[in-house]
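Open the model in your viewer and keep the selection tool at hand. Each stop below says what to pick and what you will find there.

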Amino acid sequence: MQSKRFSGAVAKVSQSASCLVFQHLLRNSLFLSSFSRRFVSFLGSARVCACVAVRSARSKPTNPPLRMSDDERMAVGSSSEDDDEVVAPEMKTEGDLCGDGSLIKEILVSGNGTVRPAKGTEVFVHYTGTLLDGTKFDSSRDRGDPFTFKLGTGQVIKGWDLGVATMLQGERAKFTIKPEKAYGEQATGSIPANSTLVFDVELLSFSNEKDISPKRDRSLLKTVTKEGKGYKEPKDLSKVEVKLLVKLADGKVVKETAADAPLKFEVDDGTVCSGLDLAVKSMKEGEEATFVIQPALAYGDKGSEEWGVPPNAVLHAALTLVSFTSEDTWSLGTKEKLESMEAKKNLGNELFKKGQFAEAVQEYSEAIRRNPSDGKLFSNRATCYTKLAAFDLALKDADECIRLEPKFAKGYTRKGQALIFMKKFNEAMRAFQEAIELEPGNPEAAEGIRKCYEGMNSEGMSREDRARAAMQDPEIIEILRDPVMNMILESMQSDPAAAQEHMKNPEIAKKIQRLVQAGIVSVR
């Protein structure tokens, strides 16, 4: 643990030293805005202050001891990011959970049902914590106040993230947690360093509600009530058998299947609304789940006469996936695979033209599944995501398009369009410039650059404001760290003729243009 802390401190000192070198280089350039010099000077001192603050914070106990601050997580090697070890599907539910004696579970009272809390779920528990000698250091029961946290996100010690994930609702269990999955070498409150801890934990309640809508806008919420078997899920054109009960918000039943007569259909064949298609595609065989479907993914402002659904109705559905069969498209020959991909792409294009962007995303996604090496499919889906205001997903698809087809200009314009909506104008500008390099005169890219300038102005970004944003841009930092560029900038300041000569070099001209756009350099 000491070596880990020491290496962390060295890393921070190295960063500060690097920042001081950077500061020296920047101050040699007379073209730099005054803000750029102040900002870099601030960076150097701020990082040193941050090191001191972290060391001080590590000596402070948490309250209650169970919940961990960011600094404590850093000190014991835990992480606030998702941990693949948390809620692992192959993990035991009793006994030696990790197989190394670091986390032992004994069930005191059995729980109810078959569903266990998933990663990111908010759980409510009662607990009592003791040392091995029986000394009690904390108890939510004594306070009469249940403890709540988000599972698997590093808010608590690792032994808790792993252990509580194995519990059923109503279950009570004793966990014996070794230091490496507790607080390690760090003393916390009344808990000594290197302590093995014993917790008596009762899982009071939790909800596994998940947002599975394409835009992640809560238009389709899912709660698993019974786990299915295996790992496979239906896909487009899978033949499914489903038991369902669909109600309106007031409890009126609009569709119900008989116990011995499940509804049989092919996914995405139009038998049910898109929300129910998506719901079925999220399930495993034998799984039972409830869904809340907003009008956009149900029957919209037209409703459904067949089902008796009025316009703009929210649907509440309980589904059981009885069985399904899927055609394995990858068992087809190359010609057949490409033909099936082309059919899904064309359907996506038609839906896009009709303004049905969520449905188009589904078709493009299926086309991508059938041919994941076609970058243009990612470009098409990126456009849909932009229309749906899912800009992070649009950016991810545009980057994948560029990775697969780096000479495809539309990949860069799609990226630029997403970045404009995210108000990342400097990055958007670079994407559009890449498109113009590939296709000089590209109208989408030219229009994108114009919108970038408009965006900067509408956001009230002065040259110094643009410089502030640019100082976080790795490309800008790299240009300014280059000693050759520093000499060129200095010579251009004192000798206008030299400036004209340097600008004849396309690489240097490109770098200077980036500095001008970013507000780092001014041209007079």
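**Before you start**

This is a predicted model, in which local features need pLDDT of at least 70 and side-chain atom pairs count only at pLDDT 80 or more, while totals for chains, interfaces and linings use all residues. Residues are numbered from 1 along each chain as its sequence is written, and side-chain values use heavy atoms, with hydrogens and water left out.

**Stop 1: the whole chain**

Show the chain as a cartoon. Its secondary structure comes to 18 helices and 14 strands. Helices (H or I, at least four residues) and strands (E, at least two) are DSSP runs, numbered from the N terminus.

How much of the chain is buried? Buried residues make up 45% of its 524 residues. Buried means under 20% relative accessible area, exposed means over 50%, and partly exposed lies in between (1.4 Å probe, protein chains only).

Contacts come next; a contact means heavy atoms within 4.5 Å. Among those between residues at least 6 apart in sequence, 66% join residues at least 24 apart.

**Stop 2: the cores**

Select Leu315 and Leu319. They have the most contacts inside the largest nonpolar core, which has 58 residues. A nonpolar core is a set of buried Ala, Val, Leu, Ile, Met, Phe, Trp, Tyr and Cys residues joined through side-chain atoms within 4.5 Å.

Stay on Leu315 and show what it touches. Leaving out residues up to four places away in sequence, its partners include Val246, Leu248, Cys273, Phe291, Ile293 and Tyr299. Then select Phe147, Ala165, Phe175 and Phe206. These belong to a second, separate core of 30 residues. In soluble globular proteins, nonpolar side chains tend to be buried together.

**Stop 3: a hairpin**

Select residues 122-131, strand S3, and residues 136-139, strand S4. The two strands pair in the antiparallel sense over 3 bridges. Two strands pair if DSSP finds at least two bridges between them. Find Thr128: it stands opposite Ser139 in S4. S3 and S4 form a hairpin with 4 residues between them. In the turn, Gly134 has a positive phi of about 95 degrees.

**Stop 4: salt bridges**

The structure holds 23 salt bridges. Each is a side-chain nitrogen of Lys or Arg within 4 Å of a carboxyl oxygen of Asp or Glu.

Select Lys174 and Glu106. Their closest N and O atoms are 3.7 Å apart. This pair links distant parts of the chain: Lys174 sits in strand S6 (residues 172-177) and Glu106 in strand S2 (residues 103-109), 68 residues apart. Lys174 counts as partly exposed, at 33% relative accessibility. Glu106 is partly exposed too, at 38%.

Move to helix H7, residues 334-353. Glu342 and Lys345 both lie here, 3 residues apart, about one turn of the helix. Their closest N and O atoms are 3.2 Å apart in a salt bridge. Lys353 and Glu350 also meet in a salt bridge, at 3.9 Å from N to O. Lys353 is exposed, with a relative accessible area of 66%, whereas Glu350 is partly exposed at 41%.

Finish this stop with Arg141, Arg172 and Asp200, which are linked in a network of salt bridges.

**Stop 5: helix H11**

Select residues 409-421. At 1.5 Å a residue, the 13 residues of H11 should span 18 Å; the end C-alpha atoms are 19 Å apart, which agrees. The expected span is 1.5 Å times one less than the number of residues.

Which residues of H11 are buried? Among them are Ala409, Tyr412, Arg414, Leu419 and Ile420. Their cover includes helices H9 (375-387), H10 (391-404), H12 (425-438) and H13 (443-458). H11 is followed by Lys423, whose phi is positive, near 65 degrees.

**Stop 6: two loops**

Select Ala389, in the loop between H9 and H10. Its phi is positive, about 65 degrees, although Ala389 is not a glycine. Ala389 is partly exposed, with a relative accessible area of 45%.

End at Asn312, in the loop between strand S13 (288-293) and strand S14 (315-325). Phi of Asn312 is near 55 degrees, a positive value in a residue other than glycine. At 52% relative accessibility, Asn312 counts as exposed.
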